[in-house]
Amino acid sequence: MDYKKSAGKTLREISASLDSLVLHDTGPGLLGGYTGAALFYAYYYQLTEKRKHLKRVHQLLENALQDMGTNALPFSYCSGIAGIVWGVQHLMKAGFAGEDGLEDIFEDVDEVLGTEMTAALQQGGHDFLHQGLGIALYFLEREQHPVAGQWLEAVVNSLQKTAITTAAGITWQDHLTATPDLPGTTMSFNLGMAHGLPAILSILGMIHQKGIATRKTADMLRKGISWLQACRNPSDEGGVALYPVLVNIEHQPLTGRQSRMGWCYGDLGIATLLLNAGSWLGDDSYRENALQIFEHTLKHRNISNSHVHDACLCHGSAGIAHIYRRAWLQTKEPLLLEGATYWLQHTLQQNTHQGGPAGFRFYGKEEYENSYGILEGVAGIGLSLIAAVNPEINPAWDRCMLLC
């Protein structure tokens, strides 16, 4: 298959489907709404140099800012204000949007988001997508403003206070996604990037990279990774997954030892964290551990055993392809590029759903449904395809999913 030709055709179809996005009942959120579509159009403009795509960026950002001013939106990252202003900041820094008249808007939301973030973290609201942690990503994108550093230092202090210390290291309890089948006294700990420990450690690593509270962040990052690594499944059991989804304080799995392949849960998110930690801390042992995990997934996971039912970024084939591609960009390991190509080709075979945008549909709650956003829909699939078509374009958009 000439995947670049096929990907180019698919991108045109995705763009056309997103042109009618405003006709659908879709909110302004970053990962699930039309701010995410603005991100797609920006990078598609970079690929095609067609100004109509840049005009669409500006139109969608204007709509998002109007929605922020007139509607009661949540503060959280995935579908709320924090994600929207992250998207605006990112597009401004990348040169896709101007700063004229926008600084007052950011100054208005800084105090509100910072206060909400700190309160949530202090109460154990560590979920990246839906609670306090994701708001920190907005301040990381707003690094040039002095107030950002103050709020990021508050993140470090809040996480330090809520950390649970054990002999294996430190961790944070999951208060959002725990299974209801567990006894009421059972503490659960989430090992997924979307809701759990890898996201917390990724935020700490990104703060460390900015030169903020470097001693604290380095210490917490190392201790957190130590606890995470102690959750690895025993090697003599022969399972395809190296890490489970949920564990208790003794690192015992609460929902079985297996996990899916994807960004949200499973081995790929943990490998991504470790690869990035090697850069943040200058520690090659983390990089080597990451490559071992990636190699295991490439040898033992495939379409038949990875629980992949669609092409989305969250837990579908486009997300898997992009994680391998991002890791290849950082390491230039040929095996990672082979993995990216394998899952990309599978992605290009998923657009077979009649009535779905560009032929794609998201598999959720036991049925397929149309989805247009970054996390579950065609905007995210499109961003993954753009990165594959032209490796010269830096896919910096994937910071929105803690991939770099």
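Which residues lie nearest the centre of the second largest pocket? In this predicted model, local features need pLDDT of at least 70 and side-chain atom pairs count only at pLDDT 80 or more, whereas totals for chains, interfaces and linings use all residues. Residues are numbered from 1 along each chain as its sequence is written, and side-chain values use heavy atoms, with hydrogens and water left out.

The second largest pocket is lined by 15 residues, and Met206, Gln209, Trp280, Arg399 and Cys404 are those nearest its centre. A pocket is here an open set of points on a 1 Å grid over the protein atoms alone, where a 1.4 Å probe fits and protein lies on both sides within 12 Å along at least five of seven lines; lining residues have an atom within 4 Å of a point. The volume of the second largest pocket is about 220 Å³, a volume being the space filled by probe spheres set on the points, which are joined across faces, edges and corners. Its lining comprises 6 nonpolar, 4 polar and 5 charged residues (nonpolar: Ala, Val, Leu, Ile, Met, Phe, Trp, Tyr, Cys and Pro; charged: Asp, Glu, Lys and Arg; polar: the others, Gly among them). At least two lining residues come from each of helices H4 (81-93), H6 (135-141), H8 (197-209) and H10, helices being DSSP runs of H or I of at least four residues, numbered from the N terminus.

The largest pocket has a volume of about 330 Å³. Of its 19 lining residues, Leu129, Cys314, Phe362, Leu375 and Glu376 lie nearest the centre. The lining divides into 10 nonpolar, 7 polar and 2 charged residues.

The structure contains 11 salt bridges, each a side-chain nitrogen of Lys or Arg within 4 Å of a carboxyl oxygen of Asp or Glu. One of them joins Lys9 and Glu13 at 2.6 Å, N to O. These two residues are 4 apart in helix H1 (residues 3-19) and so are separated by about one helical turn. Lys9 is partly exposed, at 46% relative accessible area (buried: under 20%; exposed: over 50%; partly exposed: in between; 1.4 Å probe, protein chains only).

A further salt bridge pairs Asp283 with Arg222 at 2.8 Å, N to O. This pair links distant parts of the chain, 61 residues apart: Asp283 lies in the loop between helix H10 (267-281) and helix H11 (284-300), and Arg222 in helix H9 (residues 214-229). Asp283 is buried, at 16% relative accessibility, whereas Arg222 is partly exposed, at 35%. Salt bridges with shared partners also join Lys93, Glu141, Glu143, Lys210 and Arg399 into one network.
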